Amino acid sequence: MTGKIPLLNMSPEIESIWDELMASIQDVLKKGQFIMGPNVKEFEAEMAAYLGVKHAIACNSGTDALVMGIRALGVGCGNEVITTPFTFFATAEAISRAGAVPVFVDIDPATFNLDASQIEAKITTKTKAIIPVHLYGHAVDMDAVLEIAKKHGLKVLEDCAQAFGCEYKGKKVASIGDGGALSFFPSKNMGACGDGGMFVTSNDDVAAQVRMLRVHGAAKKYFNETIGYNSRLDEIQAAILRVKLPHIDEWNAGRRNVASRYNAMLKDVPGIITPSEAGYTKHVYHQYTIRITGGRRDDVQKKLGDNGVGSFVYYPVPVNKLPVYSGLDCPTLPNSDMCASEALSLPIWPKMDEDTQETVVELLKSAVA
Ligand SMILES: *Cc1c(COP(=O)(O)O)cnc(C)c1O
(Lines give C-alpha, C1' and ligand atoms only; values in the text may rest on other atoms or scores of the structure.)
Protein backbone atom coordinates (compact mmCIF):
# COMPACT_ATOMS: atom_id res chain seq x y z
CA MET A 1 0.00 0.00 0.00
CA THR A 2 1.49 3.30 -1.03
CA GLY A 3 0.21 6.78 -0.31
CA LYS A 4 -2.14 8.01 2.33
CA ILE A 5 -5.27 6.26 3.59
CA PRO A 6 -8.03 8.81 4.11
CA LEU A 7 -10.72 8.65 6.78
CA LEU A 8 -13.30 8.58 4.01
CA ASN A 9 -12.92 7.94 0.28
CA MET A 10 -16.03 9.00 -1.60
CA SER A 11 -14.62 8.47 -5.11
CA PRO A 12 -15.63 4.80 -5.61
CA GLU A 13 -19.27 5.61 -4.82
CA ILE A 14 -19.35 8.61 -7.16
CA GLU A 15 -17.56 6.69 -9.93
CA SER A 16 -20.03 3.81 -9.75
CA ILE A 17 -22.96 6.13 -10.56
CA TRP A 18 -21.08 8.73 -12.64
CA ASP A 19 -23.10 8.50 -15.86
CA GLU A 20 -26.44 8.57 -14.06
CA LEU A 21 -25.30 11.59 -12.03
CA MET A 22 -24.21 13.48 -15.13
CA ALA A 23 -27.48 12.75 -16.91
CA SER A 24 -29.60 13.89 -14.00
CA ILE A 25 -27.59 17.08 -13.40
CA GLN A 26 -27.77 17.94 -17.12
CA ASP A 27 -31.49 17.34 -17.07
CA VAL A 28 -31.89 19.91 -14.27
CA LEU A 29 -29.77 22.42 -16.21
CA LYS A 30 -31.86 21.90 -19.33
CA LYS A 31 -35.19 22.24 -17.52
CA GLY A 32 -33.97 25.38 -15.74
CA GLN A 33 -35.98 25.04 -12.53
CA PHE A 34 -33.44 25.23 -9.72
CA ILE A 35 -35.55 25.74 -6.58
CA MET A 36 -38.46 23.53 -5.44
CA GLY A 37 -38.65 21.71 -8.76
CA PRO A 38 -39.82 18.21 -9.69
CA ASN A 39 -36.73 16.45 -8.30
CA VAL A 40 -37.29 17.88 -4.82
CA LYS A 41 -40.90 16.73 -4.94
CA GLU A 42 -40.06 13.23 -6.17
CA PHE A 43 -37.16 12.93 -3.75
CA GLU A 44 -39.44 13.81 -0.84
CA ALA A 45 -41.90 11.12 -1.91
CA GLU A 46 -39.15 8.52 -2.36
CA MET A 47 -37.66 9.32 1.04
CA ALA A 48 -41.04 9.13 2.79
CA ALA A 49 -41.57 5.69 1.23
CA TYR A 50 -38.08 4.50 2.14
CA LEU A 51 -38.37 5.60 5.76
CA GLY A 52 -42.01 4.65 6.26
CA VAL A 53 -43.25 8.14 7.18
CA LYS A 54 -46.07 10.30 5.85
CA HIS A 55 -44.16 13.54 5.26
CA ALA A 56 -40.60 14.25 4.15
CA ILE A 57 -39.61 17.92 3.87
CA ALA A 58 -36.29 18.72 2.24
CA CYS A 59 -34.30 21.70 3.49
CA ASN A 60 -30.91 23.35 3.55
CA SER A 61 -29.09 21.29 6.17
CA GLY A 62 -29.45 18.85 9.00
CA THR A 63 -29.06 21.76 11.39
CA ASP A 64 -32.04 23.55 9.84
CA ALA A 65 -34.07 20.34 9.96
CA LEU A 66 -33.41 20.19 13.71
CA VAL A 67 -34.19 23.88 14.31
CA MET A 68 -37.42 23.84 12.29
CA GLY A 69 -38.43 20.47 13.71
CA ILE A 70 -37.97 21.60 17.31
CA ARG A 71 -40.01 24.73 16.71
CA ALA A 72 -42.73 22.79 14.89
CA LEU A 73 -42.96 20.41 17.86
CA GLY A 74 -43.84 23.38 20.05
CA VAL A 75 -40.52 23.98 21.78
CA GLY A 76 -39.73 27.63 22.48
CA CYS A 77 -38.47 30.16 24.98
CA GLY A 78 -38.26 28.96 28.56
CA ASN A 79 -38.42 25.27 27.65
CA GLU A 80 -35.81 22.64 28.35
CA VAL A 81 -34.84 19.87 25.94
CA ILE A 82 -32.97 16.77 27.07
CA THR A 83 -30.19 15.46 24.86
CA THR A 84 -26.74 13.88 24.78
CA PRO A 85 -23.53 15.81 25.39
CA PHE A 86 -21.65 13.43 23.10
CA THR A 87 -22.72 14.70 19.69
CA PHE A 88 -21.96 17.33 17.10
CA PHE A 89 -22.66 20.84 18.41
CA ALA A 90 -25.59 21.33 15.97
CA THR A 91 -27.89 19.14 18.12
CA ALA A 92 -27.65 21.49 21.10
CA GLU A 93 -27.30 24.59 18.95
CA ALA A 94 -30.71 23.87 17.43
CA ILE A 95 -32.24 23.74 20.91
CA SER A 96 -30.68 27.09 21.80
CA ARG A 97 -31.69 28.62 18.47
CA ALA A 98 -35.31 27.73 19.26
CA GLY A 99 -34.91 29.72 22.49
CA ALA A 100 -34.84 26.64 24.74
CA VAL A 101 -32.12 25.32 27.05
CA PRO A 102 -30.30 22.03 26.41
CA VAL A 103 -30.11 19.67 29.39
CA PHE A 104 -27.50 16.96 29.03
CA VAL A 105 -27.71 13.37 30.27
CA ASP A 106 -24.69 11.10 30.32
CA ILE A 107 -24.09 8.37 27.75
CA ASP A 108 -23.65 4.62 27.83
CA PRO A 109 -20.00 4.08 26.82
CA ALA A 110 -20.92 0.76 25.15
CA THR A 111 -23.02 2.50 22.49
CA PHE A 112 -21.82 6.13 22.82
CA ASN A 113 -25.54 7.07 22.95
CA LEU A 114 -27.53 8.76 25.68
CA ASP A 115 -28.34 6.50 28.59
CA ALA A 116 -32.14 6.46 28.74
CA SER A 117 -32.11 5.33 32.38
CA GLN A 118 -30.69 8.76 33.33
CA ILE A 119 -33.34 10.85 31.55
CA GLU A 120 -36.08 10.89 34.18
CA ALA A 121 -33.87 12.47 36.84
CA LYS A 122 -33.40 15.49 34.56
CA ILE A 123 -37.07 16.15 33.83
CA THR A 124 -38.50 19.39 35.27
CA THR A 125 -41.74 21.32 34.72
CA LYS A 126 -39.95 23.14 31.87
CA THR A 127 -38.98 19.99 29.96
CA LYS A 128 -40.71 19.80 26.61
CA ALA A 129 -38.79 17.34 24.45
CA ILE A 130 -36.01 14.77 24.15
CA ILE A 131 -33.55 14.66 21.25
CA PRO A 132 -31.89 11.24 21.01
CA VAL A 133 -28.93 11.17 18.59
CA HIS A 134 -28.22 7.90 16.78
CA LEU A 135 -24.49 8.52 16.97
CA TYR A 136 -22.10 6.97 14.44
CA GLY A 137 -25.06 5.09 12.91
CA HIS A 138 -26.08 3.08 16.01
CA ALA A 139 -29.69 3.51 17.14
CA VAL A 140 -30.60 4.79 20.59
CA ASP A 141 -32.76 2.44 22.68
CA MET A 142 -35.94 4.14 21.47
CA ASP A 143 -38.49 2.07 23.42
CA ALA A 144 -36.92 3.28 26.65
CA VAL A 145 -36.95 6.90 25.42
CA LEU A 146 -40.55 6.70 24.14
CA GLU A 147 -41.82 5.20 27.37
CA ILE A 148 -40.41 8.11 29.40
CA ALA A 149 -41.67 10.64 26.83
CA LYS A 150 -45.17 9.19 26.98
CA LYS A 151 -45.23 9.14 30.76
CA HIS A 152 -44.21 12.82 30.99
CA GLY A 153 -45.94 14.16 27.85
CA LEU A 154 -42.68 15.01 26.02
CA LYS A 155 -41.99 15.20 22.28
CA VAL A 156 -39.21 13.11 20.75
CA LEU A 157 -37.12 14.41 17.85
CA GLU A 158 -34.60 11.94 16.46
CA ASP A 159 -31.27 13.35 15.25
CA CYS A 160 -30.54 10.92 12.41
CA ALA A 161 -27.76 12.96 10.77
CA GLN A 162 -25.35 10.03 11.12
CA ALA A 163 -27.81 7.19 10.82
CA PHE A 164 -29.57 7.18 7.47
CA GLY A 165 -30.78 3.63 6.80
CA CYS A 166 -30.15 2.50 10.39
CA GLU A 167 -32.88 0.37 11.93
CA TYR A 168 -34.26 0.05 15.43
CA LYS A 169 -36.16 -3.23 15.94
CA GLY A 170 -36.79 -3.45 12.20
CA LYS A 171 -38.03 0.14 11.79
CA LYS A 172 -36.01 2.87 10.13
CA VAL A 173 -34.77 5.52 12.53
CA ALA A 174 -36.46 8.89 11.90
CA SER A 175 -39.82 7.10 11.74
CA ILE A 176 -39.98 6.25 15.45
CA GLY A 177 -40.30 9.54 17.35
CA ASP A 178 -42.53 12.56 16.64
CA GLY A 179 -40.08 13.70 14.00
CA GLY A 180 -36.66 12.98 12.55
CA ALA A 181 -33.87 15.18 11.20
CA LEU A 182 -31.53 13.99 8.43
CA SER A 183 -28.36 15.56 7.04
CA PHE A 184 -27.05 15.23 3.49
CA PHE A 185 -23.71 16.87 4.31
CA PRO A 186 -21.29 15.29 1.79
CA SER A 187 -19.53 12.97 4.26
CA LYS A 188 -22.75 11.52 5.74
CA ASN A 189 -23.90 8.05 4.64
CA MET A 190 -26.18 9.61 2.08
CA GLY A 191 -24.32 12.76 1.15
CA ALA A 192 -25.16 15.39 -1.42
CA CYS A 193 -22.54 17.36 -3.35
CA GLY A 194 -23.10 20.31 -1.04
CA ASP A 195 -25.31 21.04 1.96
CA GLY A 196 -28.75 19.52 2.41
CA GLY A 197 -31.10 18.15 5.01
CA MET A 198 -34.60 16.84 5.63
CA PHE A 199 -37.23 16.77 8.35
CA VAL A 200 -39.62 13.82 8.42
CA THR A 201 -42.77 13.13 10.43
CA SER A 202 -46.09 11.34 10.19
CA ASN A 203 -47.93 14.18 11.95
CA ASP A 204 -49.84 16.42 9.49
CA ASP A 205 -49.77 19.55 11.67
CA VAL A 206 -46.06 19.31 12.43
CA ALA A 207 -45.35 18.77 8.73
CA ALA A 208 -47.40 21.83 7.79
CA GLN A 209 -45.45 23.94 10.30
CA VAL A 210 -42.08 22.85 8.91
CA ARG A 211 -43.22 23.39 5.31
CA MET A 212 -44.18 26.91 6.30
CA LEU A 213 -40.98 27.61 8.27
CA ARG A 214 -38.75 26.57 5.36
CA VAL A 215 -40.17 29.32 3.11
CA HIS A 216 -40.07 32.38 5.38
CA GLY A 217 -43.03 31.31 7.51
CA ALA A 218 -45.55 31.59 4.71
CA ALA A 219 -48.06 28.81 3.96
CA LYS A 220 -49.24 31.04 1.11
CA LYS A 221 -46.55 33.00 -0.74
CA TYR A 222 -46.34 36.66 0.38
CA PHE A 223 -48.77 36.04 3.26
CA ASN A 224 -46.13 35.40 5.95
CA GLU A 225 -47.51 34.22 9.28
CA THR A 226 -44.40 33.68 11.36
CA ILE A 227 -40.64 34.37 11.30
CA GLY A 228 -39.19 31.48 9.35
CA TYR A 229 -36.12 30.68 7.27
CA ASN A 230 -34.96 30.43 3.71
CA SER A 231 -34.10 26.73 3.94
CA ARG A 232 -34.72 24.73 0.80
CA LEU A 233 -32.86 21.87 -0.85
CA ASP A 234 -31.47 22.81 -4.28
CA GLU A 235 -32.97 20.98 -7.24
CA ILE A 236 -29.50 19.81 -8.38
CA GLN A 237 -28.82 18.30 -4.94
CA ALA A 238 -32.21 16.57 -4.99
CA ALA A 239 -31.42 15.12 -8.42
CA ILE A 240 -28.06 13.83 -7.13
CA LEU A 241 -29.62 12.34 -4.01
CA ARG A 242 -32.30 10.59 -6.08
CA VAL A 243 -29.54 8.79 -7.99
CA LYS A 244 -27.89 7.76 -4.71
CA LEU A 245 -30.97 6.59 -2.78
CA PRO A 246 -31.42 3.22 -4.58
CA HIS A 247 -27.80 2.33 -3.68
CA ILE A 248 -27.86 3.28 -0.04
CA ASP A 249 -28.77 -0.14 1.40
CA GLU A 250 -25.95 -1.76 -0.56
CA TRP A 251 -23.49 0.92 0.57
CA ASN A 252 -24.57 0.61 4.20
CA ALA A 253 -24.13 -3.17 3.89
CA GLY A 254 -20.62 -2.48 2.59
CA ARG A 255 -19.88 -0.40 5.68
CA ARG A 256 -21.22 -3.18 7.94
CA ASN A 257 -18.95 -5.63 6.18
CA VAL A 258 -15.89 -3.41 6.68
CA ALA A 259 -16.85 -2.96 10.35
CA SER A 260 -17.15 -6.68 10.97
CA ARG A 261 -13.70 -7.26 9.44
CA TYR A 262 -12.26 -4.56 11.73
CA ASN A 263 -14.00 -6.19 14.72
CA ALA A 264 -12.45 -9.54 13.89
CA MET A 265 -8.97 -8.10 13.32
CA LEU A 266 -8.99 -5.91 16.44
CA LYS A 267 -10.87 -8.03 18.95
CA ASP A 268 -7.93 -9.26 21.00
CA VAL A 269 -5.70 -6.20 20.78
CA PRO A 270 -4.88 -4.95 24.30
CA GLY A 271 -5.74 -1.29 24.85
CA ILE A 272 -8.45 -1.23 22.16
CA ILE A 273 -12.20 -1.53 22.73
CA THR A 274 -14.06 -2.26 19.51
CA PRO A 275 -17.58 -0.86 19.00
CA SER A 276 -20.48 -3.01 20.13
CA GLU A 277 -23.83 -3.34 18.42
CA ALA A 278 -26.89 -3.74 20.62
CA GLY A 279 -29.40 -6.43 19.62
CA TYR A 280 -32.09 -3.81 18.87
CA THR A 281 -30.18 -2.01 16.12
CA LYS A 282 -28.83 -2.47 12.64
CA HIS A 283 -25.78 -0.22 12.78
CA VAL A 284 -24.85 1.64 9.58
CA TYR A 285 -21.34 2.62 10.68
CA HIS A 286 -21.27 6.23 9.61
CA GLN A 287 -18.15 6.00 11.75
CA TYR A 288 -16.22 2.97 12.93
CA THR A 289 -15.17 4.23 16.35
CA ILE A 290 -12.93 2.41 18.77
CA ARG A 291 -11.83 3.41 22.25
CA ILE A 292 -8.16 3.52 23.13
CA THR A 293 -7.71 3.12 26.86
CA GLY A 294 -4.92 4.14 29.22
CA GLY A 295 -4.63 7.76 28.12
CA ARG A 296 -2.94 6.75 24.88
CA ARG A 297 -5.46 7.98 22.29
CA ASP A 298 -3.76 11.20 21.20
CA ASP A 299 -0.39 9.48 20.94
CA VAL A 300 -1.87 6.65 18.86
CA GLN A 301 -3.64 9.09 16.59
CA LYS A 302 -0.43 11.01 16.01
CA LYS A 303 1.46 7.81 15.15
CA LEU A 304 -1.25 6.81 12.65
CA GLY A 305 -1.08 10.26 11.07
CA ASP A 306 2.72 10.10 10.82
CA ASN A 307 2.25 6.87 8.86
CA GLY A 308 -0.31 8.35 6.49
CA VAL A 309 -3.46 6.92 8.07
CA GLY A 310 -6.33 9.35 8.55
CA SER A 311 -8.33 9.10 11.77
CA PHE A 312 -10.51 11.55 13.62
CA VAL A 313 -11.80 12.32 17.09
CA TYR A 314 -15.57 12.72 17.18
CA TYR A 315 -15.77 14.58 19.61
CA PRO A 316 -12.81 15.93 21.57
CA VAL A 317 -14.95 18.22 23.77
CA PRO A 318 -18.41 17.12 24.98
CA VAL A 319 -21.01 19.76 24.14
CA ASN A 320 -21.70 20.57 27.82
CA LYS A 321 -18.04 21.62 28.16
CA LEU A 322 -17.91 23.91 25.12
CA PRO A 323 -17.19 27.58 25.87
CA VAL A 324 -20.62 28.59 24.54
CA TYR A 325 -22.32 26.61 27.33
CA SER A 326 -20.01 27.65 30.17
CA GLY A 327 -22.96 29.46 31.73
CA LEU A 328 -25.12 26.35 31.93
CA ASP A 329 -23.45 24.91 35.02
CA CYS A 330 -23.90 21.32 33.86
CA PRO A 331 -22.79 18.61 36.33
CA THR A 332 -19.90 16.34 35.39
CA LEU A 333 -20.89 13.57 32.98
CA PRO A 334 -18.12 11.00 33.46
CA ASN A 335 -18.89 8.57 30.62
CA SER A 336 -19.12 11.34 28.09
CA ASP A 337 -15.83 12.80 29.33
CA MET A 338 -14.19 9.38 29.15
CA CYS A 339 -15.35 8.77 25.57
CA ALA A 340 -14.19 12.23 24.51
CA SER A 341 -10.69 11.27 25.64
CA GLU A 342 -10.75 7.68 24.30
CA ALA A 343 -12.77 7.66 21.06
CA LEU A 344 -11.00 7.37 17.73
CA SER A 345 -12.75 6.92 14.39
CA LEU A 346 -10.88 4.83 11.83
CA PRO A 347 -11.05 4.96 8.02
CA ILE A 348 -14.25 3.45 6.66
CA TRP A 349 -16.23 3.68 3.43
CA PRO A 350 -18.55 1.24 1.67
CA LYS A 351 -16.05 -0.12 -0.84
CA MET A 352 -12.95 -0.06 1.39
CA ASP A 353 -10.85 -3.07 0.37
CA GLU A 354 -9.31 -5.65 2.67
CA ASP A 355 -5.68 -4.78 1.88
CA THR A 356 -6.17 -1.14 2.85
CA GLN A 357 -7.89 -2.25 6.03
CA GLU A 358 -5.05 -4.61 6.91
CA THR A 359 -2.57 -1.76 6.53
CA VAL A 360 -4.63 0.37 8.92
CA VAL A 361 -4.83 -2.49 11.44
CA GLU A 362 -1.09 -3.28 11.29
CA LEU A 363 -0.15 0.37 11.83
CA LEU A 364 -2.72 0.69 14.60
CA LYS A 365 -1.42 -2.42 16.36
CA SER A 366 2.15 -1.13 16.32
CA ALA A 367 0.98 2.30 17.50
CA VAL A 368 -0.76 0.85 20.59
CA ALA A 369 1.94 -1.77 21.32
C1 LIG B 1 -23.85 16.46 10.73
C2 LIG B 1 -24.67 16.52 11.95
C3 LIG B 1 -25.66 17.50 12.14
C4 LIG B 1 -25.82 18.69 11.26
O5 LIG B 1 -26.02 18.42 9.93
P6 LIG B 1 -25.65 19.54 8.83
O7 LIG B 1 -26.29 19.03 7.58
O8 LIG B 1 -24.16 19.58 8.74
O9 LIG B 1 -26.22 20.83 9.28
C10 LIG B 1 -26.48 17.40 13.26
N11 LIG B 1 -26.32 16.40 14.15
C12 LIG B 1 -25.36 15.47 14.01
C13 LIG B 1 -25.26 14.37 15.02
C14 LIG B 1 -24.49 15.49 12.92
O15 LIG B 1 -23.54 14.56 12.79
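A polar contact is taken here as a pair of N or O atoms within 3.5 Å, where within protein one atom must be able to donate a hydrogen and the other to accept it, and where residues adjacent in sequence count only if both atoms are side-chain atoms. The model is predicted, so that local features need pLDDT of at least 70 and side-chain atom pairs count only at pLDDT 80 or more, whereas totals for chains, interfaces and linings use all residues. Residues are numbered from 1 along each chain as its sequence is written, and side-chain values use heavy atoms, with hydrogens and water left out.

A nitrogen atom of the ligand, in turn, is 2.8 Å from an N or O atom in the side chain of D159. Of the 380 Å² of accessible area that the ligand has on its own, the protein covers 93%, with areas taken from the Shrake-Rupley method with a 1.4 Å probe.

The shell around the ligand, whose members each have a heavy atom within 4 Å of it, holds 16 residues, of which G62, T63, D159, S183 and K188 come nearest. By class, this shell comprises six nonpolar, eight polar and two charged residues, Gly being counted among the polar ones and Asp, Glu, Lys and Arg as charged.

Helices, which are DSSP runs of H or I with at least four residues, and strands, which are runs of E with at least two, are numbered from the N terminus. Helix 4 (62-72) and helix 5 (90-97) each supply at least two residues of the ligand shell, and the largest share, three residues, comes from helix 4. Nine of the eleven residues of helix 4 are buried, meaning under 20% relative accessible area with a 1.4 Å probe and protein chains only; among them are G62, L66 and I70. After helix 4 comes G74, whose phi is positive, near 95°.

Elsewhere, T84 is placed in the loop between strand 2 (80-83) and helix 5, and T84 is buried, with a relative accessible area of 2%. Between T84 and I130 there are 46 residues in sequence and 9.3 Å in space, C-alpha to C-alpha. Strand 6 (residues 127-131) contains T127, a buried residue with a relative accessible area of 9%, whose side chain reaches the backbone nitrogen of T124 at 2.8 Å.

Definitions and conventions. Buried means under 20% relative accessible area, exposed over 50%, partly exposed in between (1.4 Å probe, protein chains only).
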